[in-house]
Amino acid sequence: MLRVSRRVAACLSILASAQAAVDVSPATAPRMEFTPLAPGTYQLQAIQSVEDATLLDERARPVRLSAFTRGKITLLTFFYTYCVDPLGCPFARQTMTLLRDRMLRDRELARAVRFVAISCDPGTDTPDVLARYARHFAPDSRFEWRFLTARSVSALLPVLADFGQDVSVDVDASGRATRALHHMLKAFLIDQRGRVREIYSLAYLQPQVMLNDIRTLYLERRARALPAK
Amino acid sequence: MRQSSRRAAVVANVCVCFGTAVPNALADETCNSPYISNLIKGQEDFVHVWTLGVEGLGDGSDKLVTVDANPASKTYGKVVDSVSVGGRGEAHHMGFTDDRRFLWAGGLDDSEIHVFDVGTNPSKPKLIRTITNLPAKTQFVGPHTFYALPGRMLIGNLSNTADQGGVTGMALYNNKGSLIARYDMPTASLGGVKGDGYGYDIAINPAKNVLLTSSFAGWHNYMRELGDLIKDAEAMKHFGNTMVVWNLKSMRPTQVLSVPGAPLEIRWSLAPGQNWAITAAALTAKLWLIKQGEGGAWSAREVGTIGDPAQVPLPVDISITAAGKGLWVNTFMDGTTHYFDLTDPEHPRQTYQRRIGTQVNMISQSWDGKRVYMTSSLLAHWDKKGADNEQFLRAFNWDGHALTPAFEVDFTKEKLGRPHHMKFTARANQSRTLAALAR
């Protein structure tokens with residue numbers, strides 16, 4: 001079992017002070033030196049399906065992961081609330097916030113999309129912590145942005161394995177886990193049928209490309225919804 | 001950033017809490033996809049060598065050989081592990097997955113793809129999976145380049161199941177080993193140049209949304225004795241003469257570029273503001289610059305000569321420095337490595353050369369450029385014969401002016417085989433996987 005602090009108040013205190021120090025400047029962002037293809041002019045391959053699992057939502061209710069990876073177009077990331085790497089979780093959150101704000105200009109599109117963030121430190125990121133985090137960082141009620149955790153590391157591991165999401169933890173001299181987590185930043189774009197259609201690591205976190213990919217899936221969804229002639 | 005090892009500064013696209021800013025890593029220490037995690041910017045601990053089996057030598061099988069490369073280690077310069085795959089399939093190239101936990105290694109003859117876990121314990125890689133469906137599912141054979149994309153592996157192939165010639169394509173697998181898609185190399189005209197359908201290397205620049213491919217030869221040529229092949233004028237016509245520019249997002253070819261003489265390895269300069277890649281054409285011994293013009297179109301231009309082309313030095317592997325200011329080029333036939341100053345990529349200038357052995361093929365340098373590793377084998381049927389068939393891993397230190405030998409492993413004496421492609425790993429002494437901690 002990952003031995004980390006459960007002091008929620010302390011964690012949020014650290015979080016608040018750390019966030020203030022984050023400065024994601026354009027110089028460190030992924031570069032995009034091209035005009036992206038228009039939505040619907042290309043195909044996104046089906047990379048893998050998503051295995052179901054039981055997680056916890058922000059109200060500590062057991063939920064099926066499939067309820068958050070089907071029915072809508074989903075952008076899913078793994079994160080932890082106290083990450084302060086400016087090119088890590090905060091950067092992903094900033095990119096997703098930008099995407100949400102862009103999508104909210106098209107209400108129909110915004111209703112067809114959700115964001116899901118799954119904590120990779122369930123010991124610290126309890127439902128209560130996630131609820132506070134969500135209120136602080138994703139407060140727009142017009143858009144579904146959900147934060148999930150797990151009952152235990154053991155319950156989380158199959159989800160991490162399915163997505164191929166590596167997570168490691170620094171240990172101290174006595175072998176005890178510290179609060180230093182490492183994971184490769186990835187965002188998974190999932191279609192309404194629960195299939196991963198694109199994966200973005202840092203170099204590919206290009207908001208306009210991501211928005212066009214989402215719109216490409218949205219056009220697919222609309223085409224499928226049209227009655228057959 | 002926090003270091004996950006006292007000996008290796010392993011950084012890149014990795015979230016680290018309490019960390020300081022991690023610069024966007026712009027290139028890898030060798031010819032990896034540079035957009036993967038855990039680039040080793042300090043001292044590598046291990047060099048993994050994908051090695052061709054030799055009948056009658058040891059177990060005769062292709063194998064992943066692990067050599068200790070850390071001078072501070074008691075086993076520095078020694079073979080610390082060897083994992084045989086139980087057959088001989090012309091081991092050639094390999095590539096890390098995006099998270100650098102696994103190495104995919106291919107066989108050019110049997111078209112098998114072996115997946116090794118090098119993340120759990122890099123000193124003892126484990127063979128966890130062998131993918132055998134490439135020919136049946138794609139009609140391609142000869143998996144050559146393994147290039148990581150997020151969550152998946154793009155594989156550049158050399159040949160096909162129908163006639164074992166050079167017309168081929170790329171295969172895209174997810175990291176679980178399932179085929180996602182196949183892509184034919186173009187044979188039509190694009191941008192005024194007709195595609196030859198041949199394939200070899202893959203190199204991606206996400207900032208440009210561009211994938212470049214190069215072209216070599218089919219199974220009939222690369223599995224044939226070199227001495228016979230070069231006497232066969234008809235067979236010598238069947239080498240690639242093109243490179244292809246692809247739209248990475250759509251995976252559609254947008255331009256075919258004329259690059260005669262079998263353009264092989266491709267390296268992007270990934271320094272901010274740069275818009276070029278470089279390759280070496282094996283049969284003509286020329287360096288070619290692939291550059292984007294102001295209108296957005298790409299062009300290929302010969303910019304340099306490697307050795308004396310009349311002597312057919314056969315440039316094979318190349319290695320670009322992290323800053324894109326220097327290029328190592330190995331020439332197989334004369335066993336020589338050449339260093340070019342790439343400060344002006346339009347006019348590469350050779351500033352150093354050294355004979356490494358009777359034959360030399362692959363070259364990999366550390367991120368800081370201070371350590372350079374070379375292996376000897378090109379292809380089982382193209383390697384030299386008799387006393388000239390030296391088979392080695394030779395490591396050197398580079399001070400910017402000269403190479404100084406550091407260590408070497410005699411792969412024949414050690415009964416290992418023909419050493420080919422190399423990849424580096426580092427220990428993660430201070431970190432454990434979440435799974436390990438949960439046990």
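How many residues of chain A are in contact with residues of chain B? In this predicted model, 50 residues of chain A are in contact with 42 residues of chain B. Within S34(B), Arg432(B) stands opposite Val169(A).

The scores for the model as a whole are ipTM 0.92 and pTM 0.92. For chain B, the average pLDDT is 91, and 91% of the residues score at least 70. Residues 1-30 of chain B are a stretch over which pLDDT stays under 50, although the model has 120 contacts beyond four places in sequence for them. Where pLDDT is low, the predicted coordinates should not be read in detail.

Chain A contains six helices and ten strands. Of its 229 residues, 46% count as buried. Among contacts in chain A with a separation of 6 or more, 74% are accounted for by residues 24 or more positions apart. Gly71(A) lies in the loop between strand S3 (62-64) and strand S4 (73-79) of chain A. Because Gly71(A) has 13 C-beta neighbours inside 10 Å, this residue counts as partly exposed. A distance of 23 Å separates the C-alpha atom of Gly71(A) from that of Ala131(A), 60 residues apart along the chain.

The largest nonpolar core has 117 residues, of which Val47(B), Trp104(B), Leu212(B), Ile290(B) and Leu393(B) touch the most other members. Strand S11 (residues 140-149) of chain B supplies the largest share of this core, six residues. Another core, of 65 residues, lies apart from it and includes Leu56(A), Phe79(A), Tyr82(A) and Tyr218(A). The surroundings of Ile290(B) can be set out individually. Not counting residues up to four places away in sequence, Ile290(B) touches Leu212(B), Met243(B), Leu257(B), Trp276(B), Ala277(B), Thr279(B), Trp298(B) and Ala300(B).

Ile290(B) belongs to strand S23 of chain B, where this residue stands opposite Ala277(B). S23(B) is part of an open sheet of four strands in the order S21-S22-S23-S24 (chain B), with antiparallel pairing. Strand S21 (263-268) and strand S24 (298-305) of chain B each have a single partner strand, so one side of each is left without a neighbour in the sheet. From one strand to the next, the twist averages 25 degrees. Within the sheet, four bridges join S21(B) to S22(B), which run antiparallel, and Pro263(B) stands opposite Ala281(B) in S22(B). On the other pairing, strand S22 (residues 276-281) and strand S23 (residues 286-292) of chain B are joined by six bridges, again in the antiparallel sense. Here Ala281(B) has Lys286(B) in S23(B) as its bridge partner. S22(B) and S23(B) form a hairpin with four residues between the strands, in which Ala285(B) takes a positive phi near 55 degrees.

S22(B) is largely enclosed by the rest of the structure, because six of its six residues are buried. In a regular strand the side chains alternate between the two faces of the sheet. Both faces of S22(B) are covered, with Trp276(B), Ile278(B) and Ala280(B) buried on one side and Ala277(B), Thr279(B) and Ala281(B) buried on the other.

A further open sheet of chain B consists of four strands in the order S7-S8-S9-S10, with antiparallel pairing. Its edge strands are S7 (91-96) and S10 (126-131) of chain B, each of which pairs on one side only. Neighbouring strands of this sheet are turned against each other by 25 degrees on average, direction ignored. S7(B) pairs with strand S8 (residues 102-107) of chain B over four bridges, in the antiparallel sense. In this pairing, Phe96(B) stands opposite Leu103(B) in S8(B).

Definitions and conventions:
Residues numbered from 1 in each chain as written. Chains lettered and ligands numbered in written order. Predicted model: local features only at pLDDT ≥ 70, side-chain atom pairs only at ≥ 80, totals over all residues. Core = buried A, V, L, I, M, F, W, Y, C linked by C-beta atoms within 7 Å. Buried ≥ 20, exposed ≤ 12 C-beta atoms within 10 Å, placed from the backbone. Helix = DSSP H or I, 4+ residues; strand = E, 2+ residues; numbered from the N terminus. Contact = placed C-beta atoms within 7 Å. Pairing = 2+ DSSP bridges. Axes fitted to C-alpha atoms, helices over the stretch in contact; angles between N-to-C directions. pLDDT = per-residue confidence, 0-100.
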